[in-house]
Amino acid sequence: VVGAVPEMPDPKRPRAHADPKAAEVPRHNLIESIDAIRTMLLRNATTEDLRVVMVTSAIESEGKTSLASNLAMSLARAGRKTLLIDCDLRNPSLSRILAPGATVGLVDVLRGDAEFADVLRMEPVSGLHFIPAASTSGQRTIDLLNSPAMQKLMTAARNEYDCVIVD
């Protein structure tokens, strides 16, 4: 266990209070928790050459995407050149948030239809880049994650970035 993230209130449920300061407490706690996880990862990175972190779960709607994106932003704020990759090819929610309408992305690189540099997007946080999933249609798209092209992409990402976060 690298760290713990507090449970966040369900945004779909109405809040019992309208105090804006009280509403910020869960967000503040989340940021503090993710910054603590970042600190642990960076400490381990120096001794174990840790460069790539995959955020995953067997259960839907557990907060994988929120954790991955917030961790990537935290690493970038700490001065680490960071790449965030949306590898959730079945439900690329990160791509819908950060790159709505993206026509090229990870899948296109893995199919050989685009280059690594062509799909990189700069994010508002300095030092943070993003690769959307993009065109995820196709029967065997998920198999691309275990392809030699994915290994090549990850090698390029490790060489170019201090940290790679995979959602």
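A residue is called buried when its relative accessible area is under 20%, exposed when over 50%, and partly exposed in between (1.4 Å probe, protein chains only). By this criterion, 38% of the 167 residues of the protein are buried. The model is predicted: local features need pLDDT of at least 70, side-chain atom pairs count only at pLDDT 80 or more, and totals for chains, interfaces and linings use all residues. Residues are numbered from 1 along each chain as its sequence is written, and side-chain values use heavy atoms, with hydrogens and water left out.

**Overall fold**

Six helices and five strands make up the secondary structure; helices (H or I, at least four residues) and strands (E, at least two) are DSSP runs, numbered from the N terminus. Their order from the N terminus is α-β-α-β-α-α-α-β-β-α-β. Where contact means heavy atoms within 4.5 Å, 74% of the contacts between residues at least 6 apart in sequence join residues at least 24 apart.

**Strand β2**

Strand β2 spans residues 82-85, and both of its faces are covered. T82 and L84 are buried on one side, L83 and I85 on the other. In a regular strand the side chains alternate between the two faces of the sheet. Strands pair if DSSP finds at least two bridges between them. β2 runs parallel to β4 (residues 128-131), joined by four bridges, and it also pairs in the parallel sense with β5 (residues 163-166) over four bridges. L83 stands opposite H129 in β4 and has V164 as its bridge partner in β5.

**Helix α2**

Helix α2 (residues 64-77) is mostly covered, with 10 of its 14 residues buried; among them are L71 and L75. Just after α2, G79 adopts a positive phi of about 90 degrees.

**Salt bridges**

A salt bridge requires a side-chain nitrogen of Lys or Arg within 4 Å of a carboxyl oxygen of Asp or Glu. Three are found in the whole structure.

| Pair | N to O distance |
|---|---|
| D35 and R38 | 3.5 Å |
| R77 and D35 | 3.1 Å |
| K81 and E160 | 2.7 Å |

D35 and R38 lie three residues apart in helix α1 (residues 20-48), about one turn of the helix, and both are buried. R77 in helix α2 and D35 in helix α1 are 42 residues apart. D35 has a relative accessible area of 17%. K81, in the loop between α2 and β2, is 79 residues from E160 in helix α6 (residues 148-160). K81 is partly exposed at 28% relative accessibility, as is E160 at 42%. Through shared partners, D35, R38 and R77 form one salt-bridge network.
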